[in-house]
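The following exercises are to be worked through with the sequence and the three-dimensional model at hand. Each task is followed by a solution in steps.

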Amino acid sequence: MAAFLDRSHSVAGPGFSRWLVPPAALCIHLCIGQAYAFSVFNKPMAQLLCTAAASCPPAAAKAISTVPGDWAIADLGWIFSLAIVFLGLSAAVFGRWVERVGPRMAMFTAAVLFCAGLLIAGFGVSIHNLPIVFLGYGVIGGCGLGIGYISPVSTLIKWFPDRPGLATGTAIMGFGGGALIGAPLAVALMKHYTGPTSNGVAPTMMTMAAIYFVFMTVGWLIVRLPAPGWRPAGWTAPTVEAAAARMMTTRSLAMTEAVKTPQFWLLWAVLFLNVTAGIGVLGQASLMIQEMFGVTVAAAAGFVGLLSLFNMGGRIFWASSSDALGRKRTYMIFFALGAVLYALTPTFGHMHAIALFILGYGIILSMYGGGFATIPAYLRDMFGTQQVGAIHGVLLTAWSAAGIAGPVLVNYIRQSQLDHGVAKADAYSVVIYIMAGLLVVGFICNLMIKPVTEEHFAKATLAEATA
Amino acid sequence: MAQNPTDKANTPQVILGWIWVGIPLAWGVIVTLQNAVKLFQ
């Protein structure tokens, strides 16, 4: 088994089509993207004891549960936050290991960890023990998320040197699409397992672990690596001059050297600011449209679903467009257009122009997704392909930081506005203008990114020679 | 070069691979769109 999973046994043979690698990557990303839909478990998990006692408030009531010992929604929010933190940490810590062992072993490990995380969380729910749920989904599942996120991306970049944006966009689109599958699947399973004294959360998590393991297994079975030196038929690597004109390097920098460059930290800031602006609003989208336009809870859920579609579509659209536009220009569009749209949305609210509001937020969310999907290709342009997975892994700590900063920023500012007597419908305006400001800072950071200097490549060559 | 992978996107394995990931994704998109319709009702 260990030999089968080994890097040397996953090199593609004659007749293998590189177009089989995007579905392999999607097998992993469509599953781990379920993390975005984890909030569907929050309300049922906050009603475990009252369901068992058959004394829950009616579904339409806003109160969650009055039974002592039932978990609070605020505590349950930490499960997703922990998973995102461990996604970033594990991607950073295991990035070099992923490059060393190859995609099959890495994707297998991701499947085991992510599905074990779901299983353990299900067990924690069944015995009503929240720390076990934190450990299962947050820590173990989060490590599966991190390893599963970077491994297919790094493999696709190696297979598609001619279209890295399209390739990484396809995989990362899957992470966005995972929520579209994970949410209705969880709802359908909970409905199936609901009984007189159980709302079916634990068996749903365990069943999803089994389904996802089978789905992810197809991914690690079919994935292959190209042989060293392989390139697509008819494609020639750009000359040093042509590559330099597009801010691309023709060489590779090790992760340890890449993190010493200002370019890495500017890209870290670019990802952090883009994600902070998007994630803060994504988490509040349902409440925001209800308070600004007075729509029903069901309609607000439809709005969140639409944003998920834009988030998913933006990943493939913007990442593949960046192959033609260039990465730097693509991020310029994200930050400039994003800041303008953010600044306009309170006006759309005051005008009661709901269609413009939805379209505006849809485009913003498409660029939020596009930011995730384009960053691996940007890293590849800056630092080369050899250790792009490891470098991407370290960069994903920006996502972890934004996962905490975004919601905290939005909640804190909104609460402070409400405490100062601002009307609910207007409380979001200040938040939105601050988000627009963050995007302006991101624009400046992106503007400052220049090609990596010769000095860093020389240092890397010297280190290799003396090693 | 020892290995010679192909660039053909229409091999049976590739088509099966895309069907395998395409069906759940299409289902998720349809369910999401059905819910989104409520926004305009």
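**Exercise 1. Determine how H5(A) and H17(A) pack against each other, and which residues form the contact.**

Step 1. The axes of helix H5 (residues 73-101) of chain A and H17(A) lie 7 Å apart and form an angle of about 175°. Axes are lines fitted to C-alpha atoms, for helices over the stretch in contact, and angles run from 0 to 180 degrees between N-to-C directions. Helices and strands are DSSP runs (H or I of at least four residues for helices, E of at least two for strands), numbered from the N terminus.

Step 2. H5(A) and H17(A) are therefore roughly antiparallel. The classes are: under 35 degrees roughly parallel, over 145 roughly antiparallel, 65 to 115 roughly perpendicular, and the rest oblique.

Step 3. H5(A) contributes A:Ala91, A:Ala92, A:Phe94, A:Gly95, A:Arg96, A:Val98 and A:Glu99, while H17(A) contributes A:Gly389, A:Ala390, A:His392, A:Gly393 and A:Val394. Two residues are in contact if their C-beta atoms, placed from the backbone, lie within 7 Å.

Step 4. By residue class, this contact of H5(A) with H17(A) comprises six nonpolar, four polar and two charged residues. Ala, Val, Leu, Ile, Met, Phe, Trp, Tyr, Cys and Pro count as nonpolar, Asp, Glu, Lys and Arg as charged, and the others, Gly among them, as polar.

Conventions. The model is predicted: local features need pLDDT of at least 70 and side-chain atom pairs count only at pLDDT 80 or more, whereas totals for chains, interfaces and linings use all residues. Residues are numbered from 1 along each chain as its sequence is written, and chains are lettered from A and ligands numbered from 1 in the order in which they are written.

**Exercise 2. State how many residues of H17(A) are buried.**

Step 1. A residue is buried if 20 or more other C-beta atoms lie within 10 Å of its own, exposed if 12 or fewer, and partly exposed in between, with C-beta atoms placed from the backbone.

Step 2. H17(A) spans residues 388-395, and eight of its eight residues are buried. Among them are A:Val388, A:Ile391 and A:Leu395.

**Exercise 3. Describe how domain 1 of chain A meets domain 2 of chain A.**

Step 1. Domain 1 covers 1-57 + 69-230 and domain 2 covers 237-467; such bounds come from an automatic or database domain assignment. The C-alpha centres of the two domains are 22 Å apart.

Step 2. The contact joins 34 residues of domain 1 to 31 residues of domain 2. On the domain 1 side, H5, helix H7 (130-159) and helix H8 (164-193) of chain A each give two or more residues.

Step 3. H5(A) gives the most to this side, with 13 residues. The domain 1 side divides into 18 nonpolar, twelve polar and four charged residues.

**Exercise 4. Identify which residues of the largest nonpolar core touch the most other members.**

Step 1. A nonpolar core is a set of buried Ala, Val, Leu, Ile, Met, Phe, Trp, Tyr and Cys residues joined through C-beta atoms within 7 Å.

Step 2. The largest core has 164 residues, and A:Ala83, A:Phe114, A:Leu118 and A:Leu439 touch the most other members. H16(A) supplies the largest share, 15 residues. Domain 1 and domain 2 of chain A each provide at least three residues to this core.

Step 3. Beyond its neighbours within four places in sequence, A:Leu118 is in contact with residues including A:Tyr137, A:Met205 and A:Tyr212.

**Exercise 5. Decide whether A:His128 and A:His352 are buried, partly exposed or exposed.**

Step 1. A:His128 lies in the loop between helix H6 (103-126) and H7 of chain A. A:His128 is partly exposed because 16 other C-beta atoms lie within 10 Å.

Step 2. A:His352 lies in the loop between helix H15 (327-351) and helix H16 (354-383) of chain A. A:His352 has 11 C-beta neighbours inside 10 Å and so counts as exposed.

Step 3. Although not a glycine, A:His128 has a positive phi of about 55°; A:His352, also not a glycine, has a positive phi of about 60°.

**Exercise 6. Characterise chain B and its contact with chain A.**

Step 1. Chain B has one helix and zero strands. Its C-alpha atoms fill a box of roughly 60 × 15 × 10 Å along the principal axes, and 22% of its 41 residues count as buried.

Step 2. The contact takes 28 residues from chain B and 36 residues from chain A. The chain B side divides into 16 nonpolar, nine polar and three charged residues.

Step 3. A:Ile222, in helix H9 (residues 201-222) of chain A, touches B:Gly17 as well as A:Leu20 and A:Ala24. A:Ile222 is buried because 20 other C-beta atoms lie within 10 Å.
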